[in-house]
Amino acid sequence: MKRWIVFPLFFAAVLAVWEILVREKIWSPVMIPSPLGIGGYFVESIRDKSLLDASYVTLKRLLLGYAIGLAAGLPLGLLNARFKFCEDTIGLLALGLQTLPSVCWAPLALLWFGQNETAIFFIVIMGSVWSITLATDAGVRNVPPIYARAARTMGSSGLHTWLKVIFPASLPFVVSGMKQGWAFAWRSLMAAEIYVTIMTGIGLGQVLHFGRENLAMDQVMGIMIVIVVIGLLADKTLFSPIERFLHRRWGTAK
Amino acid sequence: MSVDTELLNVPPEKLVVEGVSKTFRTQRGRVHALDDVSLHVREGEFVCLVGPSGCGKSTLLNIIAGLEMPDTGKVLADGKAVTGAGSDRMMMFQESALFPWLDVMGNVLFGLKLKPNLANKERREVAKFYLHLVGLDKFMRSNIHELSGGMKQRVALARALAPNPRVLLMDEPFASLDALTREQLYGDIQDIWAKRQKTIVFVTHNVREAACLGNRVVLFSPHPGRIQEQFPVDLPRPRDISSVDLAKFSTEITRALKRHLKPISAEEAE
């Protein structure tokens, strides 16, 4: 069977069994909302725009925070790989902070910045920047030295070698680091939105949290599904094309 | 010097290596890679450096390229001291060292893009010319991993030739290729050397290869790396690697190589 038909069939079957189990009261409707109930939530929340608004708030936080994390992580990684001093200082710091779940920053972030977007950005950035830094560092270190030597005999030097040879050569590593950074940013943001009340906008995590307080599990699961779909879309639109290009160029695809 | 040049009608030296020594520190102690090596290469000469591994021939090539600095001694290119790598002395390696993030065309364009005073259209034309020269113009858009070993070395050759360096430094460029491909490339490189008027310094451990390609074969001995003997090669071109004259000539060099090697291996056995 074709791949694109397998998944919808599988998905439809799961939903049907789920709906039947809930209707027959084998699964308690209090514990698990039915697929149609979740569908009802979607219809309602799309109609009153609450879902789109929350998605917009969350995506804005994610993309902006991630972009800043990227803009800081890539140069930091290059610096760490280039200068021993940076490796011994920033490199060690990055390694340590990467192990810290970034939602741990929430108390300090709220104290420093208040209950606003800056605090959220800070948590998202702390979630993504270190893994991007470490991956860039590792990627540069794994570049075969012969590339830089070949470039030097062709008259390349300094910044040109770094931008045109060492950075592109490290791309397979860097891109997997960017993906990891994205996943960390996404998790950090959800944790922050669920546990921290932010006055400046209601994101998906907060809507999920309200669902919990109102015992509206259809809302909770609906938001969970939206989070999964956004994650999938990000992977397919942002990273898959780059990865496909890398696989084709490097010949690493099967 | 200028009077000598005038009187003898000797063309000026393209490359001058004078009293170059180089020691490496390794975990097992110091390795004396080159000891007081001097070598003069004339414009348009094809010089082959031959010797067993560890005789410092690759190190000397790296020093001429400016990728490494000698401990003592100096290297002059066109009379000017070499202080770093430069596109006037292009290097080719045993591995093609092609960039996998660029396609074939992108690789050949790399050095060209570093040359000012060329429009992008002209650069592409020059790149196409050299890809045609090495017989790969149909593979312009190919990815590097799609090429065979021999094709990769041809692209590497095109990439090295494209910025039109006067000097080509080749470090065992054909060592990892099969015999058939290698033989084709012997023909190609002689052809290019003659047509494009290059000065070539070619490192190999294959005596037959050296005799086939060079105007002069320079024999190195290891521990420490020194020049032992030099052999001018006057055989007519284009030379065939399997010809009898060439075999005779390379036997002579091989004999000299063995003569210089004997005491070394006895020393190593201790």
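Q: Leaving aside neighbours within four places in sequence, which residues is A:Gln98 in contact with?
A: Two residues count as in contact when their C-beta atoms, placed from the backbone, lie within 7 Å. By that rule, and with neighbours within four places in sequence set aside, A:Gln98 is in contact with A:Trp130, A:Ser131 and A:Leu134. Keep in mind that this is a predicted model, where local features need pLDDT of at least 70, side-chain atom pairs count only at pLDDT 80 or more, and totals for chains, interfaces and linings use all residues. As for the names, residues are numbered from 1 along each chain as its sequence is written, while chains are lettered from A and ligands numbered from 1 in the order in which they are written.

Q: How many helices and strands does chain A have?
A: Chain A has 11 helices and zero strands. Its C-alpha trace spans about 75 × 55 × 30 Å along the principal axes. Of the 254 residues in chain A, 35% are buried. Now take the contacts in chain A between residues at least 6 apart in sequence: 72% of them join residues at least 24 apart.

Q: At what angle do helix α9 and helix α10 of chain A pack?
A: Axes are lines fitted to C-alpha atoms, for helices over the stretch in contact, and angles run from 0 to 180 degrees between N-to-C directions. Helix α9 (171–195) and helix α10 (204–213) of chain A pack at about 45°, with axes 7 Å apart. Under 35 degrees is roughly parallel, over 145 roughly antiparallel, 65 to 115 roughly perpendicular, and the rest oblique. That is why α9(A) and α10(A) are called oblique. On the α9(A) side, the contact uses A:Leu189, A:Met190, A:Glu193 and A:Ile194, and on the α10(A) side A:Leu204, A:Gly205, A:Gln206, A:Leu208 and A:His209. Sort them with Ala, Val, Leu, Ile, Met, Phe, Trp, Tyr, Cys and Pro as nonpolar, Asp, Glu, Lys and Arg as charged, and the others, Gly among them, as polar. You get five nonpolar, three polar and one charged.

Q: How many residues of chain A are in contact with chain B?
A: Chain A brings 17 residues to this contact, and chain B brings 21. On the chain A side, α7 (145–153), α8 (158–169) and α11 (217–250) each supply at least two residues. The largest share, six residues, is from α7(A). By type, the chain A side has nine nonpolar, four polar and four charged residues.

Q: In what order do the six strands of the open sheet in chain B lie?
A: Two strands pair if DSSP finds at least two bridges between them. In chain B the order is β6-β7-β8-β3-β9-β10, with mixed pairing. β6 (89–92) and β10 (226–232) of chain B each have a single partner strand, so they stand at the edges with one side lacking a neighbour in the sheet.

Q: How many residues of strand β3 of chain B are buried?
A: Five of the five residues of β3 (46–50) are buried, so the strand is largely enclosed by the rest of the structure. B:Phe46, B:Cys48 and B:Val50 point one way, while B:Val47 and B:Leu49 point the other way. β3(B) runs parallel to β8(B), joined by five bridges, and B:Val47 stands opposite B:Val201 there. With β9 (216–221) of chain B, β3(B) pairs in the parallel sense over four bridges, including the one between B:Val50 and B:Leu219.

Note on methods:
Buried ≥ 20, exposed ≤ 12 C-beta atoms within 10 Å, placed from the backbone.
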